[in-house]
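Okay, thanks for making time, everyone. Let me put the model up, and then we'll walk through some charged pairs and the core.

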Amino acid sequence: MTSTVPPLPAPLGALKLFLYRQALNFWPCIRRSGGRVTELAPDFTRLVVQLKLSWRTRNVVGTIFGGSMMASTDPMLMLMLQRILGKGYVVWDKRTVTRFKRPAKSTLQAEFVLTPERLAQVHETVAAQGEADFTWTIQYQDAAGLVHAEFDKTLYVATKAFYKAKMAAREAAPKLQAG
């Protein structure tokens, strides 16, 4: 069976990439979390978020607030997949399972990577089924490589045509009346 994986979109030029990264960093949900996108690959297959301990991210016991960790990682995979897959697909964040491993008092870093193999799996599964859920594990690590938190991020991916038909069927279904 031959792979039907479309090529990655054209990489962004240096200026557009810089502006996109700046826009992410000024987006309220990222900016207010204390997170900062420090690296972004031109083809959107790799993104790095850094989270420093500061007055904005400090919790009552002096460590990085878990909500800051979660918020600063929340939309990244969805944004990367939307850019890579293009307008013919729908991508939604569906679920995050969080495992806090240890308190963090130093700068943390999370790396998001979309490998060619994983992208091929997404394309092939969605082409065969119309929709599917995919899970990635993201880790927040300190400079020594110690893991402070892990997030299992589940994303829903569907072709736009499948998703529109699904939503139309849902709208056409009889509604239960409160009574």
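So, which residue does E150 form a salt bridge with? The partner is R99, and the closest N and O atoms are 3.0 Å apart. By salt bridge I mean a side-chain nitrogen of Lys or Arg within 4 Å of a carboxyl oxygen of Asp or Glu.

Quick housekeeping before I go on. This is a predicted model, where local features need pLDDT of at least 70 and side-chain atom pairs count only at pLDDT 80 or more, while totals for chains, interfaces and linings use all residues. Residues are numbered from 1 along each chain as its sequence is written, and side-chain values use heavy atoms, with hydrogens and water left out.

Back to E150. K101 forms a salt bridge with E150 too, with the closest N and O atoms 3.6 Å apart. K101 sits in the loop between β3 and β4 and E150 is in strand β6, so this pair ties together parts that are 49 residues apart in sequence. Strands here are DSSP E runs of at least two residues, helices are H or I runs of at least four, and both are numbered from the N terminus.

How about accessibility? E150 counts as buried at 13% relative accessibility, whereas R99 is partly exposed at 28% and K101 is partly exposed at 45%. The cut-offs: buried is under 20% relative accessible area, exposed is over 50%, and partly exposed is in between, with a 1.4 Å probe and protein chains only.

Another one joins the side chains of R46 and E39, at 2.5 Å from N to O. R46 is partly exposed at 29%, and E39 is partly exposed as well, at 33%.

Now the core. The largest nonpolar core has 38 residues, and L47, M69, L81, F112 and Y140 touch the most other members. A nonpolar core here is a set of buried Ala, Val, Leu, Ile, Met, Phe, Trp, Tyr and Cys residues joined through side-chain atoms within 4.5 Å. Elements giving two or more residues to this core include α1 (14–26), α4 (76–85) and β5 (131–141). The most come from α4, which gives 8 residues.

Last, have a look at F112. Beyond its neighbours within four places in sequence, F112 has contacts (heavy atoms within 4.5 Å) that include R46, L47, M80 and I138. R46 is also the residue in that salt bridge with E39.
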